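Hello,

Below is the structure I said I would pass on.

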Amino acid sequence: MATQFLQKMDNLNISDPKEMMSLAIKWVQETFPNVESVTTETLQCWMEEKPEELIILDIRSAAEFEVSHLPGAILIDPQSDTLQEFLQKQLLPESKNKNIICYCTVGYRASRTAQSVNEFLSSEAGQTPKTSLKVYNAEGGLVKWASERRLMVDKQEHPIHLVHPYNAAWAKLLEPELQAQI
């Protein structure tokens with residue numbers, strides 16, 4: 001699916017990262033129509049005004065996370081079974097009115113995870129304890145966040161402006177000065 005999108009981008013001969021980001025956001029939203037997105041502006045506001053009401057899940061590899069991530073994010077490797085385990089252990093009664101924010105590089109892995117979280121919360125296992133969690137994909141992922149020069153931190157929690165772009169194809173969505181070496 002992602003390969004088809006990237007081929008389409010090459011065929012359109014688009015080189016402007018902002019234009020490509022806009023198309024990527026639209027593609028993610030069309031691919032996951034039942035996943036609600038939160039804008040970078042709203043997410044930043046929530047992080048500043050009510051961080052205790054957020055569970056921020058970084059749906060990338062450990063290598064990507066080490067380069068940069070959102071402050072307070074919890075790494076959930078999309079290639080493992082840690083999400084189900086995390087949900088079962090962490091969604092305690094005190095978590096019942098929180099927003100779960102999933103993000104990745106551009107939103108595809110995060111939306112797939114958000115969809116899985118919603119399915120889990122709708123299942124019998126997800127109903128104990130009874131929760132009213134809202135699950136969102138961070139629109140445009142870390143690429144959009146970084147492009148807007150919003151705060152990210154590295155593995156030592158120091159501010160950083162670089163993003164691991166996942167691979168060379170997705171790096172095209174980032175301005176060169178924001179691309180970490182991969």
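I start with a loop residue. N13 lies in the loop between α1 (2-12) and α2 (17-31). Note that this is a predicted model. N13 has a positive phi of about 60 degrees, although the residue is not a glycine. With a relative accessible area of 68%, N13 is exposed.

E157 is found in the loop between β6 (152-153) and β7 (159-160). Its relative accessibility is 45%, so E157 counts as partly exposed.

Another loop residue, S68, sits between α4 (62-67) and β3 (74-75). S68 has a relative accessible area of 0% and is therefore buried, the cut-off being under 20%. Leaving aside neighbours within four places in sequence, the residues in contact with S68 include D58, R60, L142, M152, V153, D154 and H164.

Strands

Strand β5 (residues 134-138) is mostly covered, with four of its five residues buried. β5 pairs in the parallel sense with β1 (residues 36-38) over three bridges, and V38 stands opposite A138 of β5. β5 also pairs in the parallel sense with β4 (residues 99-103), over four bridges. In that pairing, I100 has V135 in β5 as its bridge partner.

Aromatic residues

The count of aromatic pairs comes to six. One of them is F5 with W170, which is stacked at 5.8 Å centre to centre and 10 degrees between the planes. This pair links distant parts of the chain: F5 is in helix α1 and W170 in helix α8 (residues 168-171), 165 residues apart. Both F5 and W170 are buried.

The pair of F32 and Y108 is edge-to-face, with 5.2 Å between centres and 65 degrees between the planes. F32 lies in the loop between α2 and β1 and Y108 in helix α6 (residues 108-122), so this pair ties together parts that are 76 residues apart in sequence. F32 and Y108 are both buried.

Ring pairs join F5, W27, F32, Y108 and W170 into a cluster.

Separately, the charged end of R150 sits over the ring of W145, 5.7 Å from the ring centre.

Regards

Methods: Residues are numbered from 1 along each chain as its sequence is written. This is a predicted model: local features need pLDDT of at least 70, side-chain atom pairs count only at pLDDT 80 or more; totals for chains, interfaces and linings use all residues. Side-chain values use heavy atoms; hydrogens and water are left out. Buried means under 20% relative accessible area, exposed over 50%, partly exposed in between (1.4 Å probe, protein chains only). Helices (H or I, at least four residues) and strands (E, at least two) are DSSP runs, numbered from the N terminus. Two strands pair if DSSP finds at least two bridges between them. Contact means heavy atoms within 4.5 Å. Rings of Phe, Tyr and Trp (its six-membered ring) pair if their centres lie within 6.5 Å; planes under 30 degrees apart count as stacked, over 60 as edge-to-face and the rest as tilted. A charge sits over a ring if NZ of Lys or CZ of Arg is within 6 Å of the ring centre and within 35 degrees of the ring normal.
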